[in-house]
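Me: I should like to learn how to read a structural model, one feature at a time. May we begin with a single residue and its contacts?

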Amino acid sequence: MTKVDFRYATHPIDARKYGTDELRDHFLLNPIFKENEIRLTYTMYDRYIVGGAMPVDKSLKLETFDHLKANYFLERRELGIINVGGKGVVTVDGNVYELSKKEALYVGKECKDIVFESTDGEQALFYINSAPAHHKYPTQKVGREDAEIIELGDQKYANKRILNKLIVNSIVKTCQLQMGVTELQEGNVWNTMPSHTHTRRMEAYFYFDLEEGQTVCHFLGEPQHTRHIFMENHQAVLSPEWSIHSGSGTANYSFIWGMAGENLDYGDMDGVAPNELK
Ligand SMILES: O=C[C@H](O)[C@@H](O)CC(=O)C(=O)O
Ligand SMILES: [Zn+2]
């Protein structure tokens, strides 16, 4: 069963007027994981789709839906999957890909049959991002050992973290999609600080491995007009191309970043120094 939600894009001047409820209605996504369901949100930010598949006691097939007006999901799209749960497999046109926690799979345009399954009595949790694609690139798994790792931040600034680039153009050929996992080290809470924007690309964050009872305060908005949304574990939030996307937790945590837009240049960011934020 595939459930689909829809979000329009917001103008930055409009967002300045949003209160708590409007901020959450427009940018915070509905629960990503529901037992035996595929849940997706079709957004008007670069027509990016964000969602999750949680196969419990049956396999789940990725189906096309109204907004796509396509014969099958990947007719004009590409797909990125990162498992944030126990062991699972994704079968793409009969080819089986085993994904352990924090492993990724890129699925290229025109693949027709995509099926998610949990294995070994474990509960897989497949986080999904998808963007329009105009070229067919090969499907490819990116295991933990294939990741491109960058150590960022400093304990002194409580932002020491390990960034794992998974679906990026130095590892996998994609049309638009870029995805990876950033892990905050214990005692460190700030992600993406200093902040940045990238008008060339939208972005979505998905928070996980956050201790029960804790929260991440996610910051968004134009750098000089910021707002915040308190996030729970396993929630995702949209970042328009004009918005910063940073967070500070009451504990450490991990998150998946995913983006699409004008270019595939991960380093193309317009930095904002901490003391320039308002
Ligand atoms: O455009 C890139 C993204 O915002 C993230 O990769 C940033 C991030 O994971 C971090 O600094 O911790
Ligand atoms: Zn970014």
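Me: Which residues does Glu203 touch, not counting residues up to four places away in sequence?

Reply: This is a predicted model. In it, Glu203 touches Ser239, His245, Trp257, Gly258 and Met259, once residues up to four places away in sequence are set aside. Glu203 itself lies in strand E17.

Me: Is Glu203 buried or exposed?

Reply: A residue is called buried if 20 or more other C-beta atoms lie within 10 Å of its own. Glu203 has 24 such atoms and is therefore buried. By contrast, His196, in strand E16, has 16 C-beta neighbours inside 10 Å, so His196 counts as partly exposed.

Me: At which residues does UniProt place the feature "binding site"?

Reply: The unreviewed UniProt entry places this feature at His196, His198, Glu203 and His245. These residues are spread over 50 residues of sequence, yet they cluster in space, with a largest C-alpha distance of 11.5 Å.

Me: Which residues surround ligand 1?

Reply: The shell includes Glu203 and His245, together with others, among them Arg161, Thr182, Trp257 and Met269. Strand E13 and strand E14 are the elements that give two or more residues to this shell.

Me: How should confidence be read, and what is the mean pLDDT of the protein?

Reply: Where pLDDT is low, predicted coordinates should not be read in detail. Here the mean pLDDT is 98, and 100% of the residues reach 70 or more. The model also scores ipTM 0.99 and pTM 0.98.

Note on methods
Residues numbered from 1 in each chain as written. Chains lettered and ligands numbered in written order. Predicted model: local features only at pLDDT ≥ 70, side-chain atom pairs only at ≥ 80, totals over all residues. Near = placed C-beta within 6 Å. Helix = DSSP H or I, 4+ residues; strand = E, 2+ residues; numbered from the N terminus. pLDDT = per-residue confidence, 0-100. UniProt positions renumbered as here; feature names shortened; annotations may be inferred. Buried ≥ 20, exposed ≤ 12 C-beta atoms within 10 Å, placed from the backbone. Contact = placed C-beta atoms within 7 Å.
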